[in-house]
Every structure is written in C-alpha cells, then in structure tokens.
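Visitor: Could you walk me through this one? I'd like to start with the sheet and then look at some individual residues.

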Amino acid sequence: MIASRTKARLAASTVALGGLLCTAIPAHAALTTPEANAFVVSATAIGRLVAVPPTPDSTYTPGGTSTLLGLTIGPFATDATLTAKTTGDPSTGDATALAEVENLGVTIPGATIALSAIKATCDATPSGATGNGTIAGGSVKLLILPTVTLKANAAPNTGINILGVANIVLNQQSTDANGVLTVTAVHISLLGGTGADINIGRAQCGGAPPVNTNPTPMISAPVAAGAGATAVVGGAVMLRRRNRGKNAFDAS
C-alpha cells in the first residue's frame, strides 16, 4: 500500500499539473493578426450613375498609401487628391487606417452636396480601437427646399434626415464581434426605394495579440494531459516497488 503522505504528494502533483495546463493555454483573441482598410469614396448604382467601388483603396496587409488626383465618376466630383493609407505591425498588434480628401461634390437625385476637409481615422491596439470621422464643413442644396448645413466635427453617429431625399449620418461608428471598428465620415442612404448607399471617408481597423511575446513553448492540452498522466502513474509504480522492497527487508 502507498503511504497516506505519499498519496497526498501525488494528488498535489496532479493538481499542480492541472493548474499548469490551465495557465499554459492562452486565451485566443477574435483577431490573430491586426487588420486595416481605408477608402475615400464608394457608391452603389444611382439612377443613371454607375456604381463606384472603394476608391482609392488601401488594405493591410500589405498596407501602404494609395492616392488619386481628382475624380469624376458616379455621383462624385473633385479636383483634390484622395488619399487612403493603412499600416499594421504584428509584433505589437497595432493597426491604423486613414482616408481623406480636401473637397468633394456629390450629386444625388433632388440635391447636390458639398463637403470640405473630409477625414476618417482609425487606430487599433490589442486593447481595442478608436477613431473619428470629420468634415470641416458641408451643405446640402435642394431643388425646392432651403439649403441644409452639415455640422463640422460632429459627434459619433449624428443623423440628419433630408426630407424625401436621403438620410445622412456624420461620423458613423460601429464595432463588430471581432473588435474591428469601422468609421465613416459621411454615410448617405438615398430614400425613395432606391436602396442606394454612398460612403465618404471610410477607415476600418482591428488589433490583435502581439506575436513572439511568450518565450515558453506551448503544448497542446491532449499531449500535456497524456504526459502528466504517465508521470503520475509511473511515480505510483515506483513507489509501490520501493515499499515492497522495504517490507521484504523488514521481514528478513
């Protein structure tokens, strides 16, 4: 028989091994590597106007800066430089996104929209993401109604209804289940059953756990459990043999 003290030691070793298994398996974040995307304009088809894919567009990886000098397509018109930029660093888990253009005109059924100094930013770390979408000024000129002024540096998700024409959201922000933040400086949803969408100044980013920060090799739970069980059983066998030898010596 194994002595009570020896049993207690084996039990304690088993508990310690179980604790090691629990601490050796890290919690997994929603993202395993940082992500970022940015573009300045996009639009679905509106009447006779063609759809506009994300333009210019930058996505990490590989990231970098994408620019376009002037644009006249779909509902958009500008002579300014459109800039989209993304960066990321797996060693820190950080990511950034930027979209900006100095001025932009938007033509939609029943109205024309003028915007200045449009900028959307997103900065992510392993702890979370923050961002902001701003305009320095803006106006919606309607065919028969008074001109509507758009607020500069609006609070997140500031909504404006242009009666019978469109819903506009300034500094639109949302975070998905993976912790990825999406910021849109100006989001226009056309009314009248068209279902058309216009996005101006989009920045999106999400952080992830840094890589190569844990020097301790990780082993899978099944392998560690098997090794632990083998060690416990082997120890018990050795103790039984030792006790048998001791009893035989005492008997002689």
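Guide: What follows is a short talk about a sheet, one of its strands and a few residues.

Guide: This is a predicted model, in which local features need pLDDT of at least 70 and side-chain atom pairs count only at pLDDT 80 or more, while totals for chains, interfaces and linings use all residues. Residues are numbered from 1 along each chain as its sequence is written, and side-chain values use heavy atoms, with hydrogens and water left out.

Visitor: In what order do the 6 strands of the open sheet come?

Guide: The order is β2-β1-β13-β12-β11-β10, with antiparallel pairing; strands here are DSSP runs of E with at least two residues, numbered from the N terminus, and two of them pair if DSSP finds at least two bridges between them.

Visitor: And which strands stand at the edges?

Guide: Those are β2 (52-60) and β10 (158-162), and each has a single partner strand, so one side of each is left without a neighbour in the sheet. On average, neighbouring strands of this sheet are turned by 15° against each other, direction ignored, the axes being lines fitted to C-alpha atoms and angles running from 0 to 180 degrees between N-to-C directions.

Visitor: What about β1, how many bridges join it to β13?

Guide: There are 8 bridges between β1 (residues 35-43) and β13 (residues 197-206), which run antiparallel; E35 stands opposite G206, and A36 stands opposite C205. With β2, strand β1 pairs in the antiparallel sense over 6 bridges, and there V41 has T55 as its bridge partner.

Visitor: Is β1 mostly covered or mostly open?

Guide: Strand β1 is mostly covered, with 8 of its 9 residues buried, where buried means under 20% relative accessible area, exposed over 50% and partly exposed in between (1.4 Å probe, protein chains only).

Visitor: Why does N37 count as buried?

Guide: N37, which has its place in β1, counts as buried because its relative accessibility is 15%. Its side chain makes a polar contact with the side chain of D57 (3.1 Å), and another of 2.7 Å joins the side chains of N37 and T59; such a contact is a pair of N or O atoms within 3.5 Å, where within protein one must be able to donate a hydrogen and the other to accept it, and residues adjacent in sequence count only if both atoms are side-chain atoms.

Visitor: Changing topic, what does F76 touch?

Guide: Not counting residues up to four places away in sequence, F76 touches V41, L104 and I200, among others, contact meaning heavy atoms within 4.5 Å.

Technical notes
Helix = DSSP H or I, 4+ residues; strand = E, 2+ residues; numbered from the N terminus.
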